[in-house]
Amino acid sequence: MAKKVIKTIIEEVNSTKYYSIVIDSTPDVAHVDQLAITLRYCYQGDRENQLAVYTPCAAHSLNLIRIEAAKVVHEVVIFFGTIQQLFVFFSSSTKKWNAITDALKLNEKTHTLKNLGKTRWCSHYEAVKALKNNYEEILTVLKSIANDDQEKMDQREEAKTLFSKMTLLENGILVIFWEQILERINKVNKKLQTAGLHLLDASALLLSLEGFIKEKRNNIDTELTQYEILAKTLPNYLSSEYKDKRKRILRYSDGTTGCGSNLTWKNKFKIEIVNVVLDKFQNKFQKRKKIYKENSENFKFLFDIGNKKTKIIDESSMQNACKFYKEDIEDFATLKNECIHFKEYINIIVVNEQSQINCAEILKIIYDKHLIDTFPNLYTVMKIFLTMPITNCEGERSFSRMSYIKNKQRNTMSDDRLADLMLLSIEHKITKSLNYDEVIKEYALIKVRKLRH
């Protein structure tokens, strides 16, 4: 059956001229490295293109930006370490876990404490959100454990230390700050993982997220004031002022001494923590957005074709596409005429109030209306554009599927058997469409040959 599925995929790929390859690997339960190869192509049911454009996984890139920003300042590292310490403290015994869950149920709250996972990209957002929603209940239970004479001394001391950390105004502000930042990152990350997302949309999402971070940085004084106000509404135990750190005595090479910065702790918190994190976000966005911007420069005009509100089609991006794909597109003038003609065509046939027609819909119109010969160059560019991969999420999903097929009870499974079962499971739509009579006949013939031999 797996051979039949592979044959079907090969036939589909051979029938389309353009496709992209996404490769990823992960160790399985038996510590054997397994490779996942994902093919992305537009199949409408003609040779390999020599031009290969590298596009990094947008979801991975965004997650790496978040990781780098969370490690840039010592205080932020301590903050996330404290969140993880809270989860470990309460989850280490059923008694403490029941205590915190009972406190949450009493106040009709459902967001339990979350673990900071290393592989789940949304885990940091969920952990910070759970802390924000349950701040007062967490502090109440910590205080109760710290004052409980029946508890072991080390547990009481740990509860007291955690309580002391979480009552700092700075940590309350960091909860609000990171919850807002991670909420936007999480939403964008989920959108980037949706099927059918194309390069222009992914690039726009990343650029707009960078703009969101930049806006926060430019209005940091106003934002920080709002963070303070929101933080003070979290628990009754939270301190109302920043901690007043002692000034550090500096010793110079000539033997003289002096005091450190005369900045207030509030300004130090803004300049040395919040601003540094936001600057790190912007710096990483600048580096990682470049390749998405460069790749999308060739396809801006496709968005204009489907935009019924504008009559202008970006000619510079059209020229870029013609230069880059000169072996696939006739010439600039021909492509330009096709684009203008097709824009007028869809304005006539699409009579609803839809203001924007996406590229996948445009390609479907060309195919369904049998217009490939009428707009051959536009059809080619659309297929190239929609074939370009944005994320490696399909590969990641295949690894998740593998954990169900090769588990602790079946960890001696051969690689060939695993590959076949994985293929049947992942490509279940093709598997269901197979003619099982033919499969049974082929299987029977194989068995007959074996018996004859």
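Which helix supplies the largest share of the lining of the second largest cavity? In this predicted model, the answer is α11, with 4 residues.

Rolling a probe the size of a water molecule over the atoms shows where empty space is left. The second largest cavity found in this structure has a volume of about 40 Å³. Its lining consists of Ser-61, Leu-62, Ile-65, Leu-206, Phe-285, Arg-288, Lys-289 and Tyr-292. Two helices, α2 (58-70) and α11 (265-296), each give at least two residues to this lining. By class, the lining holds 5 nonpolar, 1 polar and 2 charged residues.

Two packed helices are described by the angle between their axes and the distance between the axes. On the α8 side the contact involves Glu-170, Ile-173, Leu-174, Phe-177, Trp-178, Ile-181 and Ile-185. On the α11 side these residues meet Trp-265, Phe-269, Ile-273, Val-274, Val-277, Leu-278 and Phe-281. The contact of α8 with α11 has 13 nonpolar residues, no polar residues and 1 charged residue.

Helix α8 (residues 169-192) has a further partner in helix α9 (residues 199-218): the two axes come within 10 Å and cross at roughly 175°. An angle over 145 degrees counts as roughly antiparallel, so α8 is roughly antiparallel to α9. From α8, the residues in this contact are Gln-180, Ile-181, Arg-184, Ile-185, Val-188, Lys-191 and Leu-192. They meet Ala-202, Leu-205, Leu-206, Leu-209, Phe-212, Ile-213 and Lys-216 of α9. The contact of α8 with α9 divides into 10 nonpolar, 1 polar and 3 charged residues.

The last pair is helix α13 (residues 315-324) and helix α14 (residues 332-349). Their axes come within 10 Å and cross at roughly 130°, which makes α13 oblique to α14. The crossing of α13 past α14 is right-handed. Glu-315, Met-318, Gln-319 and Cys-322 of α13 make the contact with Phe-332, Leu-335, Lys-336 and Cys-339 of α14. Sorted by class, the contact of α13 with α14 has 5 nonpolar, 1 polar and 2 charged residues.

Methods
Residues numbered from 1 in each chain as written. Predicted model: local features only at pLDDT ≥ 70, side-chain atom pairs only at ≥ 80, totals over all residues. Heavy atoms only, no water. Axes fitted to C-alpha atoms, helices over the stretch in contact; angles between N-to-C directions. Parallel < 35°, antiparallel > 145°, perpendicular 65-115°, else oblique. Contact = heavy atoms within 4.5 Å. Nonpolar A, V, L, I, M, F, W, Y, C, P; charged D, E, K, R; others polar. 1 Å grid on protein atoms, 1.4 Å probe; cavity = no way out; pocket = protein on both sides within 12 Å on 5 of 7 lines; lining within 4 Å. Points joined across faces, edges and corners; volume = space filled by probe spheres on them. Left-handed = near helix turned anticlockwise from the far one by under 90°.
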